[in-house]
Amino acid sequence: MSYAGKKRKLDKTRQDRVYFDSYSDVTVHEEMIADYVRTNTYRTAILKNSELIRGKVVLDVGAGTGVLSIFCAQAGAKKVYAVEACSIAEQAVEIVKQNNVEDVVEVIRGTVETVELPEKVEVIVSEWMGYALLHESMLNSVLYARDRWLKAGGLILPSRAELYITPISDPVVEDRLYFWYTVKEQYGVDMSCMSNFARRCIKNSDIVVSNVAMEDVLSHPARFAELDLHSVTVEELRTVKGRFTCESFGSAAVNAFCVYFTVTFPCPEKPHSLVLSTSPFYPETHWKQAVLYLDSPVEVVQDTPFSGEVSMFPSEDSSRHICIHVDYTIGEQKEHSKTFSIPDWTAEPQP
């Protein structure tokens with residue numbers, strides 16, 4: 001039996017079911033709660049906004065285990081509607097009871113697009129970010145909640161997101177490709193012809209989610225997109241794109257681009273704000289970074305310019321999967337283009 005994955009386009013209902021089912025297991029929630037940068041930044045942001053939350057009605061979109069809802073209750077919210085579509089909502093009910101906030105936090109099972117709330121809200125909180133920010137398309141649900149349930153002038157946490165790109169040099173990948181030239185010396189069998197096959201397997205069109213070491217970053221990151229959650233529309237999310245320019249720090253072999261994001265929480269003590277960053281220069285998060293491998297490495301020297309445009313859009317096979325297209329020029333080379341996507345989680349075995 002062959003287990004080669006077969007890609008196929010799923011209808012919207014099944015896409016959603018696959019997505020929500022992935023959040024029904026403890027592992028993903030353990031990973032998110034254990035991410036101290038993520039969870040503590042949300043806690044700090046909510047407590048810093050306690051003056052704007054105290055006595056107010058809050059909507060938690062995609063509440064999961066309910067931890068953000070409980071933070072809002074601790075910040076003095078009058079009522080919190082914790083909306084969660086998958087079965088983890090049953091555990092959220094127990095967690096809310098265990099923390100004695102069931103008189104404030106009400107867990108509602110369903111999608112935010114289908115549930116009915118008894119009132120408008122003054123605050124929306126949500127941890128909606130996916131890999132490369134937009135994978136999973138949960139931001140669409142937050143925008144629906146904003147338009148349907150948020151009172152004018154209401155608070156959104158976080159309120160802004162930004163996307164960055166930077167060239168990197170990943171020595172591990174080059175070592176893996178060179179490995180096939182070392183087999184003959186070790187075992188007396190020449191396997192150097194495997195190098196091209198390995199290159200096609202490793203430097204494919206997948207968005208690789210991994211941690212990038214800061215010493216492998218080759219330039220100052222370039223911001224290519226910004227999303228204001230108070231004004232951005234679902235239509236605008238169909239293609240998020242922007243241009244970038246940067247220059248190499250020094251001599252190296254560029255073999256990939258790294259894409260990462262930040263989200264910003266407003267704080268009453270303006271102009272200060274709180275930023276959650278997934279940059280390689282900041283502490284690690286479970287989002288890591290999105291790595292886009294070039295087909296071949298490019299040698300650069302100090303101040304070699306990089307320029308181009310990044311476009312992010314939903315996959316044709318699954319609207320919850322993100323694709324990233326990069327048009328780029330390095331130094332005096334001609335422009336290159338490559339489209340990347342998250343590996344398909346709906347692949348099925350074939351007989």
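Two strands count as paired if DSSP finds at least two bridges between them, and strands themselves are DSSP runs of E with at least two residues, while helices are runs of H or I with at least four, both numbered from the N terminus. With that in hand, look at β14 (residues 305–314) and β15 (residues 322–330): nine bridges join these antiparallel strands. Across this pairing, Phe 313 stands opposite Cys 323 in β15.

A word on the model itself. It is predicted, so local features need pLDDT of at least 70 and side-chain atom pairs count only at pLDDT 80 or more, whereas totals for chains, interfaces and linings use all residues. Residues are numbered from 1 along each chain as its sequence is written, and side-chain values use heavy atoms, without hydrogens or water.

Back to the strands: β14 and β15 belong to an open, antiparallel sheet of four, ordered β10-β14-β15-β16. Its edges are β10 (240–247) and β16 (336–341), each pairing on one side only.

The largest nonpolar core has 89 residues, of which Leu 59, Trp 128, Leu 133 and Met 312 touch the most other members. Such a core is a set of buried Ala, Val, Leu, Ile, Met, Phe, Trp, Tyr and Cys residues joined through side-chain atoms within 4.5 Å; buried means under 20% relative accessible area (1.4 Å probe, protein chains only), with exposed over 50% and partly exposed in between. Strand β11 (residues 252–266) gives the most to this core, seven residues. Domain 1 (12–127) and domain 2 (162–341), with bounds from an automatic or database assignment, both contribute, so the core lies between them.
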